[in-house]
Amino acid sequence: MAFSKFYFAVQQRLHLSQNQNTANKSRHHHDIVRPPVTTVLDAKNNKGLNFTIEERQSLQVHGLFPAAFRTMQEQVFAVAANFHARATKIGRYRYLRSLRKRHERLYFRFLSEHLEDVLPVIYTPTVGVACTIFGMIYRGPMGLYVTKNDRGHVAEVLRNWPEPDIKAVCVTDGERILGLGDLGANGMGITVGKLELYTALSCVPPHHLLPVCLDVGTNNEELLADPMYIGTRDKRLRGKKYDELVDEFMQAVVQTWGRRTLIHFEDFATPNAFKLIERYQHKYCCFNDDIQGTAAVGLAGLLAVERVTKKKLDKHVIVFAGAGSAAMGVAGLLVKELKSRKLDEKQIAKNIYVFDQNGLIVKSRTDVAPPIQPYVKDMPHIKALDEVVEKVKPSILIGATSMTGLFSEKILRCMAANNERPAIFAFSNPTSKAECTAEQAYNFTEGRALFSAGSPFPPVTVNGKRLTPGQANNCFAFPGIGLGAMAAYAKTIPDEIFLVAAHTLAGYPEEEAMASGRIYPKATEAKDVALTIAVAVAQYLFDNDLAQVYPVPENVCEFIVANLYELCNGDSLVVPWKYPDLPTVPFTEGYNIPPKDIKISF
Ligand SMILES: O=C([O-])CC(=O)C(=O)O
Ligand SMILES: [Mg+2]
């Protein structure tokens, strides 16, 4: 029955030594071994008022709880009441942080059942606010800090993490946290939020997930002067020493947890983001969420625009405002998509314009970074975005600039004048950094815009019609990609995986929702999306000899579902992933799997 299963599971988690057993026995003159109260009530084991009377007695916590017994569902109800009683988003964030610290299973159960309310709190946009005051709300370990002073000892730091079986690491160096800039060690909050979506959406057991902050200093003067700042008070490490630290970190991860460990890069500043993914993509099982995850979601949106407008993507004129990880990630994947349709590179780049803080990217510019080179135009330089929009008449306008309100009324009206269904993407996060609001996008286009934003916006009513924006956020990609990669033990994660994810996601919203302008799924569908993407990704990895699970499962979907974290059953404490682990092989060189021109068919 449930009790013996629970008791056995607690015992297993405790790893009680024979000596401890004996000591406990004699102290309590008891027939059965008593696990320490702190362990029974540890966040991972705690069941709160869901402990039955039998469990309370045999685990010797009887009397520590009031008489009431609550089912998991009743506990979730109590959490919802407490959550909504907090008046502010940040108050709710802090309440949820403390809930995870005392009752982890309830925390994730609540998350997975209240996605619409909870995503904007534990994730974008509130998590961004939390990062700005992270020192003040700091309450204890949530992940690992590897500082620049740990060079030469990174593996020792990793070994201090108490969970032995890590399957995914989300790492940031905090230099570009959402659109908020350099937040240094406060960036830990972002990696925690990202990994919580792996559990809430993809049902990956939380003890397999590790948030890491590479604390290499910060150039944020405000933080350096803030007595509450929790990081190293130094300027950012740069150059060779930085590269060596990241190299050491990558090697230490695979030495500690094996070469199948997924490494998810998050919120590095653009030059490092591109440099690191280029260096590691074909050597490690890794991806960059801001470049590649956002690219999958961006391309999915473009595929949806193609469907709604009934105009092929290569016929659309696209202006990217911003030339950072997100914009160049989406542009790069779009090019890949169009190449797979047998279009040549020159033809594709012709209709793609890039605009950055110094204006349109044209030949006369001398400051053009390599990822932007393919889109350089042979035309006079234009400094202002509204003039670019007037001149080139885009049908799709994509913002990833962190410049609040960049999409002015004039720009939006111009988009509406030139297009029946102008597509507007305001990728920048959090909400305070969006290039325009949903209200502006709809009001200045007579409600005709296909509008999506990185942060969630409430519906807007225009001319009596309720319009709901889509959320163009990588949370519709990385949880599924991560689960697929983890489940198949991916060797590496090539670009084609992001095409697979984009096409899977694009198939999601129903025609009706798309026609009304919402081209992304609803938050409540995010779990379904994650699983569907995971299955497609794992299938691709198996089909292309990039998986390390043998034998290849007959039914990939069943195989993945059989290994998910059980959120619904309060009794089952430990739900192991069922397939055996790979031995941890010493690893220094990586795989060096060359990029392949793999053909995909959908
Ligand atoms: O975290 C998010 O909401 C999306 C993202 O990666 C970013 O803005 O950096
Ligand atoms: Mg990010």
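A: Strands β11 and β14 run parallel and are joined by two bridges, enough to count as a pair (at least two DSSP bridges between the strands). Across that pairing, Ala453 stands opposite Gln471 of β14. Bear in mind that this is a predicted model, where local features need pLDDT of at least 70, side-chain atom pairs count only at pLDDT 80 or more, and totals for chains, interfaces and linings use all residues. Residues are numbered from 1 along each chain as its sequence is written, chains are lettered from A and ligands numbered from 1 in the order in which they are written, and side-chain values use heavy atoms, leaving out hydrogens and water.

On to the other neighbour: β11 (residues 450–453) also pairs in parallel with strand β10 (residues 423–426), this time over four bridges. Here Ala453 turns up again, with Ala426 opposite it. Strands here are DSSP E runs of at least two residues and helices H or I runs of at least four, numbered from the N terminus.

What do the side chains of β11 do? Leu450 and Ser452 point one way, Phe451 and Ala453 the other, and all of them are buried (under 20% relative accessible area with a 1.4 Å probe and protein chains only; exposed is over 50%, partly exposed in between).

Stepping back, β11 belongs to an open, mixed sheet of seven strands, ordered β8-β7-β6-β9-β10-β11-β14. Its edges are β8 (359–360) and β14 (470–471), each pairing on one side only.

Now for the ligands. Around ligand 1 sit Tyr123, Thr124, Arg176, Leu178, Lys194, Glu266, Asp267, Asp289, Asp290, Asn429, Asn473 and Asn474, each with a heavy atom within 4 Å. Three of these make side-chain polar contacts with ligand 1 oxygens: Arg176 at 2.3 Å, Lys194 at 3.0 Å and Asn429 at 2.9 Å. (Polar contacts are N or O pairs within 3.5 Å; within protein, one must be able to donate a hydrogen and the other to accept it, and sequence neighbours count only if both atoms are side-chain atoms.)

Glu266, Asp267 and Asp290 show up at the magnesium ion (ligand 2) too, as its protein donors through OE, OD and OD, lying 2.0 Å from it. Donors are N, O and S atoms within 2.8 Å of the metal (3.2 Å for Na, K and Ca), and water isn't among the atoms, so a site may look incomplete. Along the chain the spacing reads E-D-x22-D. Glu266 is in the loop between β4 (262–265) and α15 (270–280), while Asp290 is in helix α16 (residues 289–309), so the two tie together parts 24 residues apart in sequence. Both Glu266 and Asp290 are buried.

Arg260 is in the loop between α14 (239–257) and β4 and is buried at 3% relative accessible area; a polar atom of its side chain lies 2.9 Å from the backbone oxygen of Ile166. Arg109, in helix α7 (residues 104–113), counts as buried at 6%, and its side chain makes a 2.7 Å polar contact with that of Gln73.

Last stop: Ala502 in helix α23 (residues 496–506), buried at 0% relative accessibility. Its C-alpha is 10 Å from that of Ile481, 21 residues away along the chain.
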